[in-house]
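Let's take a walk through this structure together, one piece at a time. Have the sequence and the 3D view open as you read.

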Amino acid sequence: MEGGGSCGGSDGSGVASNYGGGGRERPNILVTGTPGTGKTTTCSLVADASHLHHIDIGKLVKAKHLYDGWDEEFECLIINEELVCDELEDMMEVGGNIVDYHGCDFFPENWFDRVVVLQTNITILHDRLTSRGYMGPKLTNNIDCEIFQVLHEEARSSYAEEVVLALPSNHIEDLSSNVRMLTEWVDNWRSAGS
Ligand SMILES: Nc1ncnc2c1ncn2[C@@H]1O[C@H](COP(=O)(O)OP(=O)(O)OP(=O)(O)O)[C@@H](O)[C@H]1O
Ligand SMILES: [Mg+2]
């Protein structure tokens, strides 16, 4: 899917600002990263603290049958990106959402005022994924995804530089500081022109 124009968020100084575009009254945040980096944990806490609507794309896809089939090798649903975007469009226009997904290049660019990429040390991520029972190609693929910073590259090639923020997600202290920082950012956000 094509991006939908440029994202707000730059104050022209090259420093990330929290004045967004899109005419929304509240910002939309995308939290992405390799599976196991802590997207859902982080999003739940930020959603509670900031009164944002948490949209876990994996759960939405299952609940609304927004998929084309099952990938046998990687043991996951093959999502239909167009159906997902159609489903989200109205909510994203209103704003006030925190979207949680291990992919980011198929959403329209102008949906998001902030794109957070969570990053986890490989040994910590390996432990989290094996304790979930991941093994074989599913484990290797996810570990490679983190080693090669696939989601960070995807975010950087899909969104304006000042919108993308990489954050460590190794320990509980990281979780607390990420949630605090994002909550403050939401509190201070003002739509462009308001
Ligand atoms: N910063 C952190 N410090 C310690 N543990 C964490 C941290 N973030 C997440 N975890 C733990 O790591 C595990 C994976 O977290 P979570 O389910 O939020 O990841 P996810 O990115 O949503 O994964 P998926 O893409 O598969 O949905 C959970 O057990 C969670 O408690
Ligand atoms: Mg999750």
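Predicted model: local features only at pLDDT ≥ 70, side-chain atom pairs only at ≥ 80, totals over all residues.

Strand E4 (residues 67-71) and strand E5 (residues 76-79) run antiparallel, joined by 4 bridges. If you want a spot to look for, find Gly69, which stands opposite Ile78 in E5.

Now turn to another sheet. Here 5 strands line up in the order E3-E6-E2-E7-E8, forming an open sheet with parallel pairing. Which strands sit at the edges? They are strand E3 (53-56) and strand E8 (164-168), each of which pairs on one side only. From one strand to the next, the twist averages 20°.

Zoom in on the E8 end of that sheet. Strand E7 (residues 114-119) runs parallel to E8, and 5 bridges join the two. One handy landmark is Val115, which stands opposite Val164 in E8. As for side chains, in a regular strand they alternate between the two faces of the sheet.

Some helices pack on this sheet, too. One of them is helix H2 (residues 57-64), which touches E3 and strand E6 (97-100). The direction of H2 makes about 70° with that of E3. Another is helix H6 (residues 150-158), which touches strand E2 (29-32), E7 and E8. Compare its direction with that of E7 and you get about 165°.

Next, have a look at ligand 1. There are 17 residues around ligand 1, and those that come nearest are Pro35, Gly38, Lys39, Thr40 and Thr41. Which elements give two or more residues to the shell? Those are helix H1 (39-50) and helix H7 (172-188). Sorted by class, the shell around ligand 1 has 3 nonpolar, 11 polar and 3 charged residues.

The axes of H1 and H7 come within 9 Å, crossing at roughly 40°. H1 and H7 are therefore oblique to each other, and their crossing is right-handed. On the H1 side, the contact is made by Thr41, Thr42, Leu45, Val46, Ala49 and Ser50. On the H7 side, look for Leu175, Asn178, Val179, Leu182, Thr183 and Val186. What classes of residue make up the contact of H1 with H7? The contact has 7 nonpolar and 5 polar residues, and no charged ones.

Helix H4 (residues 122-131) and helix H5 (residues 136-147) pack with their axes 10 Å apart, at an angle of about 155°. That angle makes H4 roughly antiparallel to H5. As H4 passes H5, the crossing is right-handed. To see who meets whom, pick out Ile122, Leu125, His126, Leu129 and Thr130 in H4, which meet Leu139, Asn142, Ile143, Glu146 and Ile147 in H5. The contact of H4 with H5 divides into 6 nonpolar residues, 3 polar and 1 charged.

How values were computed
Residues numbered from 1 in each chain as written. Chains lettered and ligands numbered in written order. Pairing = 2+ DSSP bridges. Axes fitted to C-alpha atoms, helices over the stretch in contact; angles between N-to-C directions. Contact = placed C-beta atoms within 7 Å. Near = placed C-beta within 6 Å. Nonpolar A, V, L, I, M, F, W, Y, C, P; charged D, E, K, R; others polar. Parallel < 35°, antiparallel > 145°, perpendicular 65-115°, else oblique. Left-handed = near helix turned anticlockwise from the far one by under 90°.
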